[in-house]
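Here are my notes after a pass through the model. Have a look at the structure, then go through the points below.

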Amino acid sequence: MAVIENGTTKHTSTTARVDRFRGHDYYNIDDLLETEHLLVRDAVRDWVKQEVTPIIEDYSERAEYPRHLVKGLAEIGAFGPSLPEKYGCGGMDEISYGLIMQELERGDSGIRSAASVQGSLVMYPIYRFGSEEQRMKYLPKLASGEFIGCFGLTEPDHGSNPSGMITNIKDDGDAYILNGSKMWITNSPIADVAVVWAKDEEGVVRGLIVEKDMKGFSAPEIHGKWSLRASITGELVFEDVRVPKENVLPGVAGLKGPLSCLSKARYGIAWGVIGAAMDCYDSALRYSLEREQFGKPIAGFQLTQKKLAEMITEITKAQLLAWRLGTLANEGKASPAQISMAKRNNVHMALEIAREARQIHGGMGITNEYPCMRHMMNLETVLTYEGTHDIHLLITGMDVTGINAFK
Ligand code: TGC
Ligand code: FAD
């Protein structure tokens, strides 16, 4: 919050930014949406204005996860929105899911991350690959926020190449003995359950539900992030953890298990980052109309208009890509490669817009008075996780040429 004292602007550490955000829809894409989509979007937008905006700069600055928001996230249906109501989930379509992610990431990528991990990386694999007992045991608690979940795929030496993972399970009667470690795991230090991917004795990747109290399991926090600071990240360490066989996901074997979850989460990111981009554009547009230099608003200079015109053009293209992907997803026809293209394009678009918007704010753009710098720092993570920018390029390259350039 800026306070003027004796003509000097001072910034207090607890910033309660006034949220004047309004959505941007240059191509009337709202006309393509159903009433239910608009209702869901507007409800989440209101929730973000009330609950996220007033506190997010402060939490981000302190590098603290606003854990008190979990209950509210559950109440607005952010955890597993497109999973069946039978398990306490939203039963919505893929476009509603996308719009929820868009509005959450408009608030902060870390808040969207919390919802992505819980819904797409923890609840989705339990729903899709779990037994009915596992679904009934875990999904309602995860949907209501009573349980927090995390997803362990990445290892210290295997990020882009998860097939090289060394975390492993060995058969021990009615249980498996789990050893290894995972790195960069969103929510791990506060998670009640972890969906962990490990190789069995035949080298086949299997999914396990590991509970926080299991002996030999720890989840230390990773400190020192300049990005996604309002999200908690940690490791997963397994030292002879005895995981009952009933905790293995029976419905999948092989890397397609975790990669299918990634498709679901990457889809949400393709929508989510449009929210971050719109927030930056919205702030830059307003600032440029209010800020005067050389006797007129800086919005009146051609170079500022070039930035703003390019921003709204790129946002509009990203919205159309996300909407079309959403209609394909609703028909069960969105391919992993199509999802990769949208994730890559839209994250890069949002990051470029955050950088340009920060410039339009001049020096003020580096402060917590405006959201651009925080979004920009967050989006550096989003560019890397769920498959890096270059990995998604190679996925598109392989799809169009038929030639694998990864290895
Ligand atoms: P490859 O041989 O290509 O594939 C193995 C099997 O998986 C299938 N598959 C997919 N299925 C569903 N969705 C996808 N996106 C899929 N991609 C591949 C594939 O058809 C095959 O099936 P089958 O039946 O033939 O066995 O595997 P590869 O080892 O060559 O790897 C390919 C590559 C490099 C593209 C993949 O490994 C990859 O995507 N790497 C990036 C890793 C990554 O994205 N990690 C993300 C970790 S989780 C995270 O970041 C969460 S952040 C959370 C937050 O806070 O929001
Ligand atoms: P590397 O794979 O080592 O890549 C380094 C660079 O090399 C990148 O630029 C990459 O594009 C490039 N590169 C790699 N291979 C190739 C190739 N074949 N050709 C060309 N270039 C290549 N993971 C989880 O499992 N669960 C989580 O919840 C989770 N949350 C995360 C939260 C945060 C804040 C962060 C930063 C990461 C998170 N991740 C999570 C991990 C994330 O998915 C990985 O960081 C990502 O997949 C990249 O892996 P890496 O960091 O090991 O980079």
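1. Let's begin in helix H6 (residues 256-290), which holds both Asp282 and Arg286, four residues apart, or about one turn of the helix. Helices here are DSSP runs (H or I, at least four residues), and these and strands (E, at least two) are numbered from the N terminus. The two side chains form a salt bridge, with the closest N and O atoms 2.8 Å apart; the term needs a side-chain nitrogen of Lys or Arg within 4 Å of a carboxyl oxygen of Asp or Glu. Asp282 is buried at 4% relative accessible area, while Arg286 is partly exposed at 21%. Buried means under 20%, exposed over 50%, and partly exposed in between (1.4 Å probe, protein chains only).

2. A word on ground rules. This is a predicted model, where local features need pLDDT of at least 70, side-chain atom pairs count only at pLDDT 80 or more, and totals for chains, interfaces and linings use all residues. Residues are numbered from 1 along each chain as its sequence is written, chains are lettered from A and ligands numbered from 1 in the order in which they are written, and side-chain values use heavy atoms, with hydrogens and water left out.

3. Back to the charges: the rule counts 26 salt bridges. One of them pairs Glu105 with Arg112 at 2.5 Å, N to O, and both Glu105 and Arg112 are buried at 0%. Asp42 and Arg41 make another, at 3.2 Å; here Asp42 is partly exposed at 34% and Arg41 is buried at 10%.

4. Now the domains. An automatic or database assignment gives domain 1 (13-143), domain 2 (150-247) and domain 3 (256-401). The C-alpha centres of domains 1 and 3 are 18 Å apart, and their contact (heavy atoms within 4.5 Å) takes 38 residues from domain 1 and 42 residues from domain 3.

5. How much area is buried between domain 1 and domain 3? About 3,500 Å², with carbon and sulfur atoms giving 59%; this is the accessible area (1.4 Å probe) that two parts lose on being put together, summed over both. His24, Glu94 and Gln102 supply 17% of what domain 1 buries there, more than any other three residues.

6. Five salt bridges cross that interface. Glu94 also has a salt bridge to Lys264, with N and O 2.9 Å apart at the closest.

7. Last, Ser340 sits in helix H8 (residues 336-360) and is buried at 0% relative accessibility. Leaving out residues up to four places away in sequence, Ser340 touches Arg266, His392 and Ile395.
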